Amino acid sequence: MRRTLLLALLLAGTATSTQAQDLIIRGGPIYTGVDGAPTAEVVQVRNGRITYVGALADAPDAADLEVVDLQGAALFPGFTDGHAHLDGVGWRELTLNLEGSASVADAMARLTAWAQAHPDGPIVGRGWIETRWPEGRFLTAADLDAAAPGRIVLLSRADGHAVVVSSPALAAAGIDASTAAPSGGEILKGPDGEPTGLLVDAAEGLVARLMPQADPAATREAYRAGFRVEAAYGWTGVHFMSAPWRDVPLLEQMAEAGEAPLRVYNSVTPDGAAELIAGGPRSAADGRIITRAIKYYADGALGSRGAALFEPYADRPDTTGLMQITEAEIVPLYAAALRGGIQVATHAIGDRGNASVASWYAEALNAVPAAARPNGADVRWRIEHAQIVRPSDYHWFHDLPIIASMQPSHAIGDLHFAPARLGDARLDGAYAWHSLADRGVIVVGGSDAPVERGSPLIEFYAAVARRDLEGFQGPDWRPDEAVDRATALKMFTLWPAYASFREAELGSIEVGKRADLTAFDVDLMTAPLADIPKGRAVLTIVDGSTVHAVISATDGVEFRLPGTPARISP
């Protein structure tokens, strides 16, 4: 009987991503995320809303509800990725993916294979990172030329803040030894003065016109791919950072057509700022797609030495990083957002970048009093990443206040090179989730996919273990900045709900809230830390609709929604 019910449930879930189901979920530990009532035995859902949470013995009659037997899996409030690039996640599935390449040679072998399989047009890829390669260096145009002779090739570093391009691409863009880098960017050059092929931050724009322009059908397919991947990981929602303004209508159309299985909160590119401010926040398909924020960039990334620091980089004393904006440029834009009731999110990684943004936020808030803002004092502005903050600047996050939107996996990847970039002293205040949360700061957890893999299990593990996936931490990596499991759960559930103004209906398993739920085959609250990233999502429910399921029947048969991969490896 159980097998029949499960199969019926999963088939029902394939009809449309917006068709709510009436469910009773039981058979595994249930963590509500509610202080004072952290666990339950059963959850009931009707019309997309939670109608009962508690003991099985006290549950109301459920004879008409479909039964979901968790079979020992652990159920949580729906996990929300508080910072990801949904389009990038999708394009990662459709273009050359260099993630996990073990060396320059490995990356170039992948490029050669891709070039042979795709003989026409420019080659675009992403995901390489040199910090653990045996060669210990950035890719160069010479590497690309040897692997794909004569081709225009553009390969973004994993962080998205640098791109290496081939010699034909440099020539097509008119970049040579005499080319000056734009403000906020860098063109790396060799001892001979010629460009090496690596373009950092604002200099990436010099080759933007060489990127293939995706047609609407390809863009739609990229979003479909992104949704599939995110749902399979167990995310019920995504805070979509740098959402292209031109794509917002497409996402809204997809939601209305039942093609957006996850909840999306858009923080759009600056080119849409004026129109968004003039029109106000947007919502489509009963809140499935909400557009209410603008994303700005203050500096670059640590790995490519674009993060803005007060003092020079320890491993390259000729630079302190790159600021992308100035006070004179950004404060009026912040003030305009305040007057229009639009949330602001600003990328800041270095200590100088973070301090600058905090002071600019304060300046704008002082210039536009609460009485002149549609949201009053409740603006919920964010700093995205907040990776390196001087402890003396923590007060900004509490006093203004500022939401710290942080991605734990950055810390377990960066630990292999950040000490060299920063020196020991600046590791105080680096990836300081615990210090900020202890001060009452809302710390939103995210993945920054496709910069990182994007798995909620890796992110949760990184937050509570502060070790890489092999268990390595290093002697100077500030282990006290790891958080406890209850805090980590809030980082991916209740606090992203708050950061998107939806804590009244999302973020915990409570009667009356929307039925956004995630189940994993590993119990995040009790499992040994090393086991957490080895698990997988077995159930993803959004508004009471099953959008991903992997639940084994008693005879070992595994049911999956059509189009869902059996497993995505970290």
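Buried, in this talk, means under 20% relative accessible area. Keep that cut-off in mind. One caution before the tour: this is a predicted model.

Let's start with helix H2, residues 86-94. Its buried residues are Leu86, Asp87, Gly88, Val89, Gly90 and Arg92. What covers them? The cover includes three strands, S6 (79-84), S13 (235-243) and S14 (263-268). It also includes S7, along with helices H6 (216-233) and H7 (248-256).

H6 and H7 deserve a look as a pair. Two packed helices are described by the angle between their axes and the distance between the axes. Here the axes come within 11 Å and cross at roughly 60°. Angles from 65 to 115 degrees would count as roughly perpendicular, and those under 35 as roughly parallel. H6 and H7 are therefore oblique to each other. Their crossing is right-handed. Which residues meet there? From H6 come Thr219, Arg220, Tyr223, Arg224 and Phe227. From H7 come Leu250, Leu251, Gln253 and Met254.

Phe227 leads us to the core. In soluble globular proteins, nonpolar side chains tend to be buried together. In this model, the largest nonpolar core has 111 residues. Phe227 is among those with the most contacts inside it, and so are Phe79, Leu302, Tyr334, Phe397, Phe460 and Leu524. Helix H15 gives this core its largest share, 8 residues. Another core lies apart from it, with 23 residues, including Ala107, Met108, Ala147 and Leu155.

Is tyrosine 431 buried or exposed? Its relative accessibility is 1%, so it counts as buried. Its phi is near 55°, a positive value in a residue other than glycine. Arginine 478 also has a positive phi, near 50°. Look for arginine 478 in the loop between H15 and helix H16 (485-491).

Next, the sheet. It is open and has 6 strands, in the order S7-S8-S9-S10-S12-S11. The pairing is mixed. Strands S7 (96-97) and S11 (185-189) are the edges, and each pairs on one side only. Inside the sheet, S9 (residues 153-157) and S10 (residues 162-165) run antiparallel, joined by 3 bridges. Serine 156 has valine 163, in S10, as its bridge partner.

Last, some prolines. Proline 168 lies in helix H5, residues 167-173. Its relative accessibility is 27%, so it counts as partly exposed. Proline 168 and isoleucine 152 are 16 residues apart in sequence, yet their C-alpha atoms are 5.4 Å apart in space. Leaving aside neighbours within four places, proline 168 is in contact with Asp145, Gly150, Arg151 and Ile152.

Which peptide bonds are cis? One runs from leucine 400 to proline 401, with omega near -10°. Proline 401 is in the loop between helix H11 (394-399) and strand S19 (403-406). Another cis bond runs from alanine 449 to proline 450, with omega near 10°. Proline 450 is in the loop between strand S20 (443-445) and helix H15 (456-465).

Key: Residues numbered from 1 in each chain as written. Predicted model: local features only at pLDDT ≥ 70, side-chain atom pairs only at ≥ 80, totals over all residues. Heavy atoms only, no water. Helix = DSSP H or I, 4+ residues; strand = E, 2+ residues; numbered from the N terminus. Buried < 20%, exposed > 50% of the residue type's maximum accessible area, 1.4 Å probe, protein only. Contact = heavy atoms within 4.5 Å. Pairing = 2+ DSSP bridges. Core = buried A, V, L, I, M, F, W, Y, C linked by side-chain atoms within 4.5 Å. Axes fitted to C-alpha atoms, helices over the stretch in contact; angles between N-to-C directions. Parallel < 35°, antiparallel > 145°, perpendicular 65-115°, else oblique. Left-handed = near helix turned anticlockwise from the far one by under 90°.
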